[in-house]
Amino acid sequence: MTHLDSELKQIKQQVIEMMTLVRNQLAKGKNAVLTFDKDLVHEINANEKRVNAMELSIDRAIENTLALYTPVAVDLRFVMASFKISADLERIGDNAVGIAKYINHVNEQLTAADLDKIKFVEMYENALLMLENVFEAFEKEDTKLAREVFVKDKVLNKINLNAASITIQFIQQTPDKINNYLYLLSIIRKLERVGDLAKNIAEELIFYIEAKVLKHHKKK
Amino acid sequence: MQVLEKQQIMTGSQKLIEEKKTIIEARDVNVFYGHFQALKGINLTIKENSVTAFIGPSGCGKSTFLRCFNRMNDYIDEFCLDGEILIDNNKIYWNKIVVEELRKEVGMVFQKPNPFPKTIFENVAYGLKIHGIKDKTYIEEQVVKSLKDVALWDEVKDDLKKSALALSGGQQQRLCIARTLAVEPKIILMDEPTSALDPISTAKIEELLFDLKQKYTIVIVTHNMQQAARISDKTAFFYMGDLIEYDDTKTIFTNPKQEKTQNYITGRFG
Amino acid sequence: MTNALKNKLIDNAFKVFGIICTLFGLVILGILIFNIAEVGLTRIDWNFITSLPSRKAEKAGIYTALMGTVWILFLTAIIAFPIGVGAGIYLEEYGKKSKWANFLEINISNLAGVPSIIYGLLGLEIFVRAFNMGGSILAGSFTLALLILPIIIVSTREALKAVPSSIKDASVALGASKWQTIWNQTLPASIGGVLTGVILAISRAIGETAPLIVVGALAYVPFAPSSPMDEFTVMPIQIFNWVSRPQHEFAVNAAAAIIILLLITFMMNGVAVYYRNKWQKKIKW
């Protein structure tokens, strides 16, 4: 194994590690919303520091690898992809924190019926599944798996599209809980963004493995 | 989670380089060739089991400095060294030092592969023979071990009686490294060891250095900055006889402190 | 006429001139050998080589002269080889660059150019008289050894210089002493060149007449020498002796002896060339 190989392997390990951490953050966010558990919010906030530290650590490893080993071809694409993936992961982490934070601002728990109507759980599960998909794809370097993310993202988009009208209904029915509903809407928006970021990661993966640029094109 | 811990252990082991024993120490070394001052007050320490690269433009004094460590400059007329160089805490320019003994501890590999015009076996065994070792089984063991250490054994094990000059350039250079290893030095000095080789042979030797540093301390002069970046733990940049910067290779290549270093490694020199 | 054409013409003209010059030397040599061979070849037989000298031309042989030459060559080689090679090694490997070394170097080159008769006088004074060797083979050998020493020293130095310094560096860097490096690396690598120089120097000694006459080689020696202290003659002196006689038969003898002498010289040169090629092939840097 060459020096470069071991460096690349380390970067990959670190990215996978960060992926696991970020996915857990997001999953905890869901539980926090469902159970209204403020301790979980604290936990998520604490872990966010670790996510940020990991991003910095990956950045440093990538800078060193580029400076010392001048990777080319597939190695270069891997390093470039990892660089962007780590930034995407960090933003997913931010979104998880954002979702959890609302619990501090909302005065009462959202009812299960409301959440059901806006398809909160379905959307959240889908987003988590997308992450799992794309992470597994990264670990196994499987672009077929990565491409499944594009299909799942459409479900998220659909739920997001309907969310606005549903929220208006909610507010018209019980105007005194307007605060809660607005927060719910922005959680939906954040989940939609998580889906986009997962899609970005999938694109980076395909760029790294197949050297194909999917950005700004229509996906099949 | 496990990976993160491993990461912390890794950075821990890098810190250990600083805690390793100092094996070479230069104190205020000035070197003159007649009236020309080739090195100006160099202070530098090198730790055990590390790879240290000397980089810099031609004529910057890096080779001269390297050759001070095994006193190969002694044969140059008008060479004059001021200051002290310590290897294993022994002052090597002290006049009671036996130079032959010093060179047994501090081996050297040269720019051009220079095997002796003898058989492969004799090449590796030569160092042992001149140091008075007659035990044939020991010599044979050392030859085999050294050739294995440089990953040449599988290529030459059936041709030990053949002339070393029949080997390819890369093989010759690995043979020269094996020849140096056979006398079990502590330090190996390398003076642009891959500048006469093709990329594949170069890569093989670079990989070799990675393994060799477990057992030896390696100091390498190279014109190829990428090579210095790839293989070394520490890098020293020389310019016009001055040691401009000496730091972790990562720091030198990502965030050099001196403008001259930055200009040199980015190729914007002059 | 364009410049290129002009240059081409000059080029061709010089080529022709060069060929003529080369041919001139070869033709002269050819004529010489042909002339001698025509006269002397028929005279050469086993008897001619094994007979002692005689007043009668048809009975006379070169045995004593041939043996004298062999003795002289043998002793000269034994004396000159170690001294010459030793001095060459010292000057090339040990001697530091200094005024003294420069002085030595210039004088060795000068010695190579000193006329051989002067060596003869030197040998007469030192070996024959001061060391009391008399007109013996030993005195002659010492004198010839002195004569060819500068040639051996210079050629040894050239041969040593041809060994790449990278080999010496490699040996020294492994902790070899200077002598170990010379004995194990430099000498084995340069031995072809050294031997070539020695052989060429000795083949030059074969032809030397003047210093030996001065030292006391005799024109007529009745018996072949059997020890270094014996009186002797050598081939060139025998040839000179025969040529200076009025009878035609002796001239034929001289021609035959010349052929033998030439054969010996060619043979030695051949050996030298063979060695040089052999070692050059063995060691490719």
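**Entry 1. Conventions**

I noted that this is a predicted model, in which local features need pLDDT of at least 70 and side-chain atom pairs count only at pLDDT 80 or more, while totals for chains, interfaces and linings use all residues. Residues are numbered from 1 along each chain as its sequence is written, chains are lettered from A and ligands numbered from 1 in the order in which they are written, and side-chain values use heavy atoms, with hydrogens and water left out.

**Entry 2. Chain A as a whole**

I looked up the secondary structure of chain A and found seven helices and zero strands. Helices (H or I, at least four residues) and strands (E, at least two) are DSSP runs, numbered from the N terminus. Along the sequence, I read the pattern of chain A as α-α-α-α-α-α-α. The radius of gyration of chain A is 19 Å, close to the 17 Å from the globule rule for 220 residues, so chain A is as compact as a globular protein of that length. This radius is taken over C-alpha atoms, and the rule is 2.2 Å times the number of residues to the power 0.38. I also recorded the box filled by the C-alpha atoms of chain A, roughly 65 × 40 × 20 Å along the principal axes.

How much of chain A counts as buried? I found 53% of its 220 residues in that class. Buried means under 20% relative accessible area, exposed over 50%, and partly exposed in between (1.4 Å probe, protein chains only). Chain A exposes about 10,400 Å², of which carbon and sulfur atoms supply 55%. Accessible areas come from the Shrake-Rupley method with a 1.4 Å probe, and for residues only the protein chains shown count as cover.

I then turned to contacts (heavy atoms within 4.5 Å). Among contacts in chain A with a separation of 6 or more, 82% come from residues 24 or more positions apart.

For charges, I noted 31 positive and 32 negative ones in chain A, with mean positions 5 Å apart. Lys and Arg count as positive and Asp and Glu as negative, while His and the chain ends are not counted. The place of a charge is NZ of Lys, CZ of Arg, CG of Asp or CD of Glu.

**Entry 3. Chains together**

Which chains share the most contacts? Of the two pairs of chains in contact, I found that chains B and C do. No contact joins chain A and chain C, and their closest C-alpha atoms lie 29 Å apart.

**Entry 4. Aromatic rings**

I found 20 aromatic pairs over all chains. Rings of Phe, Tyr and Trp (its six-membered ring) pair if their centres lie within 6.5 Å; planes under 30 degrees apart count as stacked, over 60 as edge-to-face and the rest as tilted.

Phe14(C) is exposed, at 59% relative accessible area.

Phe48(C) and Trp242(C) form a tilted pair, 6.1 Å centre to centre with 35° between the planes. Phe48(C) lies in helix α2 (residues 46-50) and Trp242(C) in helix α10 (residues 235-243) of chain C, so the pair ties together parts 194 residues apart in sequence. Phe48(C) is buried at 0% relative accessibility, and Trp242(C) is buried at 2%.

**Entry 5. Positive phi**

Ala73(A) is not a glycine, yet its phi is positive, near 50°. I located Ala73(A) in helix α3 (residues 73-105) of chain A, where it counts as exposed at 53% relative accessibility.

Met240(B), also not a glycine, has a positive phi of about 50°. Met240(B) lies in the loop between β9 (234-239) and β10 (242-248) of chain B and is exposed at 52%.

**Entry 6. Two buried residues in helices**

Is Thr76(C) buried or exposed? I found Thr76(C) buried, with a relative accessible area of 1%. Thr76(C) lies in helix α3 (residues 63-94) of chain C. Leaving aside neighbours within four places in sequence, Thr76(C) is in contact with Phe81(C), Ser141(C), Leu144(C), Ala145(C) and Ile148(C).

Asn95(A) lies in helix α3 of chain A and is buried at 9%. Not counting residues up to four places away in sequence, Asn95(A) touches Lys190(A), Arg193(A), Val194(A) and Leu197(A).
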